[in-house]
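Okay, thanks for having me.

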Amino acid sequence: MAEGSPEPFPAVDLAGLRTRPFRARPARVHAADLGRPVDPPPDVERLLEGLPRLLAAEDLRVVVRAWAGAVRRRAGAVVMAGGHVVKAGCGPFLADLIARGAVSHLALNGAAAIHDVELALLGATSEDVAENLADGSFGAADETGRAFARAFAAAEGRGAGEALGRLLEEEAAPGRGSSLLAACWRTRVPVTVHVAIGAEITHQHPACDAAAVGETSHRDFRVLAHSVGELRDGGVVLNLGSAVILPEVFLKALSVARNLGRPARGFTAVDVDMLRHYRPAANVVGRPVLAGGRGIHLTGHHEILIPILYYAVRAALEGEG
């Protein structure tokens with residue numbers, strides 16, 4: 001530091017932060033609460049056929065055709081999912097679509113990855129924020145932070161999503177069969193985790209290695225940019241329940257892809273959320289398709305709309321043989 005320059009701003013030392021066992025933290029979502037794909041599947045084709053050919057009902061049919069068509073033509077099916085999608089029990093439906101080859105890339109924000117890891121490793125997730133914030137125990141589950149630290153320490157050049165999926169498989173996490181991260185690791189589908197430093201509970205854990213967090217998440221940004229660059233005419237991008245982080249990351253990844261000479265045009269961009277937010281409207285279904293493609297909003301509860309999408313896309317793919 002140059003002579004006479006001020007000292008760095010003071011910062012807390014996280015080494016002294018008190019953690020607590022995960023089991024001491026009451027959870028609001030348990031593995032038994034998650035949705036489960038059923039066989040034989042319900043006749044969703046008849047349901048869609050009977051819906052009005054107007055407004056959102058027609059948009060739903062368009063999205064199903066676009067997703068199935070993207071898979072059939074191998075034009076790319078990039079799925080982005082926020083934390084509420086996982087803790088609302090929709091992970092098993094997306095994991096099954098991954099296993100069926102209906103997803104070419106899965107992008108998660110930090111909250112989605114945390115919920116997925118907790119459900120797979122510990123069988124529960126989602127704490128009472130207001131109650132635990134009162135005594136500073138919010139986000140202090142020891143096992144969660146240590147799992148992320150172990151995964152990133154052993155990343156060996158992998159991104160955050162790949163490292164976490166590998167951890168769940170190698171440690172034989174009890175709930176890995178319904179895990180998005182583990183499903184991608186097993187099928188070798190690119191999975192990426194895009195964090196905001198300080199926004200995830202794992203960043204307050206004493207074992208957090210900030211350099212590893214930054215390195216693995218930045219690699220995942222570059223992996224996503226590669227996958228976005230692989231989108232062809234007829235591809236599909238779906239943003240499921242991320243209001244800020246993933247729409248922002250996607251916009252930059254798309255710009256990088258086009259800057260490097262990949263057209264990434266002509267795809268269908270879909271936002272699926274309970275409310276319509278500015279960033280998904282602008283950064284997913286708006287600006288990216290001005291150069292070709294189309295944007296669609298589907299508005300509804302995740303725990304209802306995503307299973308319907310799952311069964312409809314599955315039926316469309318199975319109907320095509």
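Predicted model: local features only at pLDDT ≥ 70, side-chain atom pairs only at ≥ 80, totals over all residues.

Residues are numbered from 1 along each chain as its sequence is written, and side-chain values use heavy atoms, with hydrogens and water left out.

Strands, then. Helices (H or I, at least four residues) and strands (E, at least two) are DSSP runs, numbered from the N terminus. Two strands count as paired if DSSP finds at least two bridges between them. Strand β2, residues 77–81, pairs with β3 in the parallel sense over four bridges, and Val-79 stands opposite Leu-106 in β3. β2 also runs parallel to β6, with five bridges joining them; there, Met-80 has Asn-239 as its bridge partner. Carry on from β6 and you get to strand β7, residues 267–273, again parallel and again over five bridges. Val-237 is bridged to Ala-269 in that pairing.

In β3, residues 105–109, five of the five residues are buried, so the strand is largely enclosed by the rest of the structure. His-105, Ala-107 and Asn-109 cover one side, Leu-106 and Leu-108 the other. β6, residues 236–240, also has five of five buried, so it too is largely enclosed.

For contrast, take Arg-18, in the segment before β1. Arg-18 counts as exposed because its relative accessibility is 68%. Leaving out residues up to four places away in sequence, Arg-18 touches Asp-135 and Ala-140, contact meaning heavy atoms within 4.5 Å. Its C-alpha is 8.9 Å from that of Asp-142, which is 124 residues away along the chain.

On to the packing. A nonpolar core here is a set of buried Ala, Val, Leu, Ile, Met, Phe, Trp, Tyr and Cys residues joined through side-chain atoms within 4.5 Å. The largest one has 72 residues, and Trp-67, Leu-106, Phe-152, Leu-164, Leu-181 and Leu-298 have the most contacts inside it. Helix α12 provides the largest share of this core, 10 residues. There's also a second, separate core of 20 residues, with Ala-107, Leu-224, Ala-264 and Val-289 among them.

On a 1 Å grid over the protein atoms alone, a cavity is a set of points where a 1.4 Å probe fits but cannot get out; a pocket is an open set with protein on both sides within 12 Å along at least five of seven lines; and lining residues have an atom within 4 Å of a point. Points are joined across faces, edges and corners, and a volume is the space filled by probe spheres set on them.

How many cavities of 30 Å³ or more does the search find? Two, over the whole structure. The largest holds about 50 Å³, with Phe-148, Phe-152 and His-203 among its lining residues. α4 and α6 each supply at least two residues to that lining.

The second largest cavity is about 30 Å³. Trp-67, Leu-240 and Tyr-310 are among the residues lining it, and α12 gives the most, three residues. This lining is seven nonpolar, no polar and no charged residues, where nonpolar is Ala, Val, Leu, Ile, Met, Phe, Trp, Tyr, Cys and Pro, charged is Asp, Glu, Lys and Arg, and polar is the others, Gly among them.

Last, the pockets. The largest is about 310 Å³, lined by 18 residues, with His-115, Glu-127, Val-129, Phe-138 and Ile-201 nearest its centre. By class, that's six nonpolar, six polar and six charged. The second largest pocket has about 270 Å³ and 15 lining residues.

Methods. Buried < 20%, exposed > 50% of the residue type's maximum accessible area, 1.4 Å probe, protein only.
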